[in-house]
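Dear colleague,

Please find below the structure I promised to pass on to you. My notes on what was found in it follow directly after.

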Amino acid sequence: MTRVCRQAHRTATFALSLPLQQPQSPKTALPQRRLATAAPESSKLDKHEFQAETRQLLDIVARSLYSDHEVFVRELISNASDALEKFRYTALSTTNEGQLAARDRPLEIRITTDKPQMQLIIQDTGIGMTREELVNNLGTIARSGSKQFLEELKQQQQPAQASSNIIGQFGVGFYSAFIVAQRVEVYTRAATPDAVGLCWSTDGSGTYTIREAEEAEHGTKIVLHLKTDCREYADEDRIRTVIKKYSNFVGSPILLNGKQANEIKPLWLMDPQSISKEQHQDFYRFISNSFDSPRFTLHYNADVPLSIHALLYFPEGKPGLFEMSRDGATGVALYTRKVLIQSKTEHLLPKWLRFIKGVVDSEDIPLNLSRELLQNNSLIRKLSSVISSRVIRFLQERAKKQPEEYEAFYRDYGLFLKEGIVTSSDTSEKEEIAKLLRFESSKSPSGRISLDDYYKEVSADQKDIYYLAAPNRILAESSPYYESLKKRNELVLFCYEPYDELVLMQLAQYKNKKLVSVEKEMRNQSQDPAALQDFGEGSLSSTEVDSLLPWLQSQLKGQVAKVKATTRLDTHPCVITVEEMAAARHFIRTQSHQLPEENRFALLQPELEINPKHPIIKKLFSLRTSEPELAELIAKQLFANAMVGAGLAEDPRMLLTNMNSLLSKALEKY
């Protein structure tokens, strides 16, 4: 931004918080002040002094209201579009041919850049203005001619379509011209046959003038004499970039130096059935600045509870680095009546849907005076909730109607869905997102199933949905925690991603069934060893177990909270259980390095469960007395192995020291 343009923004910052309320409200709106009273029609040149208070307000509106100075182009184009819409409506509603001059004129916006003269000219062929309207619309701060036009239509009980293309509502957009212009001239001629041409001119400092101008054409032409350090806006390429960014979808043609600059149509306002695949592809690439194609397209229109026109695209390519980061902005642009408000709109969609590209256009969006910032958080939350719910429902439909395409989408973007479950505070929304999750299971080696599939397959009497976290299927099927459930032929979901178990722990339940990890199920089902009389054929006796347990407890003092026997193991000698395995593993991965080892074990409170039938445990019982040093090394190695198997070892390389000592001791006799 150039030096003068930057200085134009360093004025009173309180204007940025100017409220949205209508100008008629004396508590919240800019006061309406006439810059001067109208002079008689017969006067050749009317010159007027600005009032001191009005001059101050003009300075605030022009220089402090907008965060980005290029938006003056958007504001002036929006005004021109409104003038065209007013003429179009007047022509349609007027039956007398003689009431309008040049009724068949082309309705368009013409923009001319003049580098040598440092001028930018924005002209429309719309309704034009009379002398009185010049004074009222340009000579009054915060008075919107478009808003008055809408109010008149409302009083006449005209249909909503008649006003659907009117953009303006605050009456301050024209004054944004003074961000870049040192002098502004407005040439205009009203649409009536006997209207005279007029020129309104001011430098925004002390006076403005109105004079007759025979050269004025029907409509309005605004000539901006640019400040020296804002000469960039006399460059055709610079203006084309701004048009593409903010006003590309204005309904009327925008001709920049004779060539149309807004050729892409606002597809979100068109009939979905009339849009071709090629149009969607071109539009997607335009709004996303990417070169891939949309995988899915959601074209959504609603009138209740809010007026919404949304066109959302799900990318075909894999998510990029910036999309994976939660610090990245959402990819949905916010429009109001086809005019861009924000290209990256915070809070319009939740963060977990940041991979979606597209457009949302709503007439109900509450904006502040500069039309750059959103107000009324409750309405924004409502809008976000409505769109999010529609996106979730759309993906559920795709999962049923296009399962293969959805499976490919899930492979690339399933992480975002899981993030939605973790970050959402709405229990019902969590469950709706959960319908989109897919996992391998103990009974589906070649594909993935949904939670709905699991729910339908198990009996209604089963109260739990079991899941097991493991790096891959081989380790899942050989896990000591899965042995007991495998014997009972229970259906178990296999979670291969490290965050999957956190997602399911956050979800807690699906429909009326609790989500339970197999480690939790084992801990809950473990029996008190004192009550066990028989551990099965070939196992240690209850007396032998009772003597082994306290010995192990003493050898692992400070590491285990409790040692007990279990009948739920078959091929494994022992296993570690903790109260919340998923939370414990997350703690080990993220925070345990900050704590000493004894504090870490004190927080985890691991319990060691031994299998009295396993050969290692039976041999360990006898080695306690015959080879106490070797037995101690074996006990420590069993505990370390069980911690690795549970995913609770901070660094598995720490096993090597004890393992080497154990091997050395075992080989002493050879």
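In this predicted model, six strands make up an open sheet of mixed pairing, arranged in the order 16-15-18-17-20-19. Its edges are strand 16 (444-449) and strand 19 (509-510), each of which pairs on one side only. Helix 16 (residues 518-525) packs on this sheet, where it touches strand 17, strand 18 (492-495) and strand 20. The direction of helix 16 makes about 90° with that of strand 20. Within the sheet, strand 17 (residues 464-469) and strand 20 (residues 513-517) run parallel and are joined by four bridges; Ile465 stands opposite Leu515 of strand 20.

Helix 7 comprises twelve residues (277-288) and spans 16 Å from its first C-alpha to its last, close to the 16 Å expected at 1.5 Å a residue. Its buried residues are His280, Phe283, Tyr284, Phe286, Ile287 and Ser288. Their packing partners are helix 6 (236-246), strand 10 (294-302), strand 11 (308-315) and strand 14 (357-361). Just after helix 7, Asn289 adopts a positive phi of about 55°.

As to the chain as a whole, it holds 22 helices and 23 strands. Of its 670 residues, 54% are buried. Of the contacts between residues at least 6 apart in sequence, 73% join residues at least 24 apart.

With kind regards

Note on methods. Residues are numbered from 1 along each chain as its sequence is written. This is a predicted model: local features need pLDDT of at least 70, side-chain atom pairs count only at pLDDT 80 or more; totals for chains, interfaces and linings use all residues. Side-chain values use heavy atoms; hydrogens and water are left out. Two strands pair if DSSP finds at least two bridges between them. Helices (H or I, at least four residues) and strands (E, at least two) are DSSP runs, numbered from the N terminus. Contact means heavy atoms within 4.5 Å. Axes are lines fitted to C-alpha atoms, for helices over the stretch in contact, and angles run from 0 to 180 degrees between N-to-C directions. Buried means under 20% relative accessible area, exposed over 50%, partly exposed in between (1.4 Å probe, protein chains only). The expected span of a helix is 1.5 Å times one less than its number of residues.
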